[in-house]
Amino acid sequence: FNESFYQEFAKVFFILSFFLLILTLVIGIEVKGSKRWINLILFNFQPVELLKPSLILLLAGIFSSEKKFMTKFLFSGIIVTSSVLILLLQPDYTQALIILIVWFTIVFLSGISLIIIILILGMISSIMTFILFFFKDNFSYIFLRFENWLSSNNISYQSEKSIDAIKHGGFFGQGIGEGILKEKIPEAHTDYVLASISEEYGIIAIIIILIIVFSLFMRVFAICQNEISNFKKYTLIALSTLILLQIFINVGVTINLLPSTGMTFSFISYGGSSILTSAFIMGIILALTKNRF
């Protein structure tokens, strides 16, 4: 699996993941009012997790081509918009925003002027805000989460117990199996896995995990400073941004700096789709960064 392989099969990966994403609207399993999963008998699969890396490969191939920038921008915009619309129909507003941020990252790396970047960012922000308020009934859960998050007297149950678990664990934790957070909230092994780890192993364990993750991706960013192809650079930075963004959101939710989003912590949170995607992403990063003689 090398650069030419990913360039050649990027379209195949994306078409497959896009088709699965469309299937969620037809045969998707409804959980808490959203159709985001497909039942694969052995486990439930979330197609957007496969869509994100495959979309990055496709966008990297588009923007590394020799076509004019406007052609690349419009073509990629149509692809991204189609994906975002399906996610909004599920609805999954958070994943739609993440895809837009990843697309914007690659557009930014392509070297366009700052004025165009500001215009694009303003346009995207305006459209997403309009959709959020115009279709308020479809995204009522988002407004409810924001209200709970902004209210100083009405912190959500999960966030309150998460913070209590971190305090209870202290610096070195209560010991393996001594945590009680996992018995109090249903998402302790997914959205709030860091709080569970902190309660049993202490804040020191969280610090070590974050140091490992950030050191890994700082190494990837360092490699991008070398003379590598645009396809590699776009792919590596976009994939790294995707993982770090998800980690940032998960940590923010855990300590109540952000409203609850349902975002998992890559590599650690329970979930077949998340683990498979994390492995897929790291496989691509390793394939594009290893030395070849």
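Colleague: What makes Arg36 and Asp92 a salt bridge?

Modeller: The closest N and O atoms of Arg36 and Asp92 are 3.8 Å apart. A salt bridge needs a side-chain nitrogen of Lys or Arg within 4 Å of a carboxyl oxygen of Asp or Glu, so the pair counts. This is a predicted model: local features need pLDDT of at least 70, side-chain atom pairs need 80 or more, and totals for chains, interfaces and linings use all residues. Residues are numbered from 1 along each chain as its sequence is written, and side-chain values use heavy atoms, without hydrogens or water.

Colleague: How many salt bridges does the structure hold?

Modeller: Two. In the other bridge, Lys52 and Glu49 have their closest N and O atoms 3.3 Å apart. These residues are three apart in helix 2 (residues 47-63), so about one helical turn separates them. Lys52 and Glu49 are buried too.

Colleague: Why is Ser76 called buried?

Modeller: Ser76 has 0% relative accessibility. Buried means under 20% relative accessible area, exposed means over 50%, and partly exposed is in between (1.4 Å probe, protein chains only), so Ser76 is buried. Ser76 lies in helix 3.

Colleague: What does the side chain of Ser76 reach?

Modeller: The backbone oxygen of Lys72, at 2.8 Å. Ser76 also touches Leu59, Ile62, Phe63 and Trp103, leaving aside residues up to four places away in sequence. Here touching means heavy atoms within 4.5 Å.

Colleague: Why is the pair of Phe69 and Phe73 called stacked?

Modeller: Rings of Phe, Tyr and Trp (its six-membered ring) pair if their centres lie within 6.5 Å; planes under 30 degrees apart count as stacked, over 60 as edge-to-face and the rest as tilted. The centres of Phe69 and Phe73 are 5.9 Å apart and their planes are at 25°, so the pair is stacked. Both residues are in helix 3 (residues 69-89), four apart, which means about one helical turn. Phe69 has 23% relative accessibility, so it counts as partly exposed. Phe73 has 13%, so it is buried.

Colleague: How many aromatic pairs does a search of the whole structure find?

Modeller: It finds 11. One of them is Phe13 with Phe280, at 5.9 Å centre to centre and 80° between the planes. That angle is over 60, so the pair is edge-to-face.

Colleague: What does the pair of Phe13 and Phe280 tie together?

Modeller: Phe13 is in helix 1 (residues 3-27) and Phe280 in helix 11 (residues 272-289), so the pair ties together parts 267 residues apart in sequence. Phe13, at 22% relative accessibility, counts as partly exposed. So does Phe280, at 24%. Ring pairs also link Phe1, Phe5, Tyr6, Phe9, Phe13 and Phe280 into a cluster.

Colleague: How do you know that Leu40 is partly exposed?

Modeller: Leu40 has 42% relative accessibility, between the 20% and 50% limits, so it counts as partly exposed. Leu40 is in the loop between strand 2 (34-39) and strand 3 (44-45).

Definitions and conventions. Helices (H or I, at least four residues) and strands (E, at least two) are DSSP runs, numbered from the N terminus. A polar contact is a pair of N or O atoms within 3.5 Å; within protein, one must be able to donate a hydrogen and the other to accept it, and residues adjacent in sequence count only if both atoms are side-chain atoms.
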